[in-house]
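Please keep the sequence and the structure in view while reading.

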Amino acid sequence: VFPSLAQAQASVANEVYQELGQPSIFLFCPTEYCSSLCSPSPSQSCYLQTIGQELLPGIGVIWTGPKVVSQELSAVLLEEVEAVLRRRPVIWDNLYANDYDCRRVFLGPYMGRAPGLMSRLHGLLLNPNCELQANFIPIHTLGTWFQSELGSCAHPDHAGMEEVTAKGDSQGAEDGSYSPQAALELALRDWVAEINQQALEPGR
């Protein structure tokens, strides 16, 4: 019936979206959802070009970055993805996901995401560790990153610091830009307070 997989997927997604009354949040995960799955690249992928052309503009498209689990996200990559999809992507961030290897637990701060990314995103979803309690630091530091992004939107002069802070340098806490090390220290302080509070509860 359809000349390509992309046209079939876009047609079905569009029909479901319209049948549901075009909800404000409706997400589509493409078959090629990261750069490493695109052939030969996101901007030259016939599949993504068709998705961008055929998918109704109110439908959000999920993207994980350069890889399924991306250590870094850059504004340059997001610009390329936005151009081919004809919309800002919703990042499905697998930085902390451990469902593929449950022997590992990721407890470090949210990092490797360049400052100023928020203006390039339609949204961001964090895929956490499978172990609930292990996600305090990931979610707390994501909140700190988000607050710094809101600050950089209000103060665009901070936006040129992509290379320095994306790599996890501790500078930046003083000028309002995101510092993974400072965010980690804040999260640890609050986590210890939470653990101490729980220890005082009867029966704990």
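Predicted model: local features only at pLDDT ≥ 70, side-chain atom pairs only at ≥ 80, totals over all residues.

As a general background, nonpolar side chains tend to be buried together in soluble globular proteins.

## Overall arrangement

The protein chain contains 6 helices and 4 strands. Read from the N terminus on, the order of these elements is α-β-α-β-α-β-β-α-α-α. Of the 204 residues in the chain, 41% are buried.

The chain exposes about 11200 Å², and carbon and sulfur atoms supply 56% of that area. Among contacts between residues at least 6 apart in sequence, 71% join residues at least 24 apart.

## Helix 2 and its surroundings

Which residues of helix 2 (residues 46-54) are buried? They are Tyr-47, Leu-48, Thr-50, Ile-51 and Gly-52. These buried residues pack against helix 1 (5-19), strand 1 (27-28), strand 2 (60-63) and helix 3 (75-85).

When residues up to four places away in sequence are not counted, Ile-51 touches Ala-6, Gln-9, Ala-10, Phe-28, Leu-85 and Arg-87.

## Ile-62 in strand 2

Ile-62 is found in strand 2. Is this residue buried or exposed? Ile-62 counts as buried because its relative accessibility is 8%, and the cut-off for a buried residue is under 20%.

Leaving aside residues up to four places away in sequence, Ile-62 touches Leu-27, Phe-28, Cys-29, Pro-30, Tyr-33, Val-90 and Trp-92. A further relationship concerns Leu-124: Ile-62 and Leu-124 are 62 residues apart along the chain, and their C-alpha atoms are separated by 9.0 Å.

## A nonpolar patch on the surface

Two of the residues that Ile-62 touches, Leu-27 and Trp-92, also belong to a nonpolar patch on the surface. The patch is formed by Ile-25, Leu-27, Trp-92 and Leu-125, which together have about 370 Å² of accessible area.

Leu-27 is located in strand 1. With a relative accessible area of 38%, Leu-27 is partly exposed.

## A buried asparagine

Asn-129 is found in the loop between strand 4 (123-126) and helix 4. At 3% relative accessibility, Asn-129 counts as buried. Not counting residues up to four places away in sequence, Asn-129 touches Tyr-96, Asn-98, Val-105, Phe-106, Ala-134, Asn-135 and Pro-138.

## A stacked aromatic pair

How many aromatic pairs does a search of the whole structure find? The search finds 3. Such a pair of rings is described by the distance of the centres and the angle of the planes.

Why is the pair of Phe-136 and Trp-191 stacked? The ring centres of Phe-136 and Trp-191 are 5.7 Å apart and the planes lie at 5°, so the pair is stacked; the cut-off for stacking is under 30 degrees. This pair links distant parts of the chain, with Phe-136 in helix 4 and Trp-191 in helix 6 (residues 180-200), 55 residues apart. Phe-136 itself is partly exposed, with a relative accessible area of 24%.

Key: Residues numbered from 1 in each chain as written. Heavy atoms only, no water. Buried < 20%, exposed > 50% of the residue type's maximum accessible area, 1.4 Å probe, protein only. Helix = DSSP H or I, 4+ residues; strand = E, 2+ residues; numbered from the N terminus. Contact = heavy atoms within 4.5 Å. Patch = residues over 30% accessible without salt bridge, like charges linked within 9 Å, V, L, I, M, F, W, Y side chains within 5 Å. Areas by Shrake-Rupley, 256 points an atom, 1.4 Å probe, with all protein chains shown as cover. Salt bridge = Lys/Arg side-chain N within 4 Å of Asp/Glu carboxyl O. Phe/Tyr/Trp six-rings, centres within 6.5 Å; stacked < 30°, edge-to-face > 60°.
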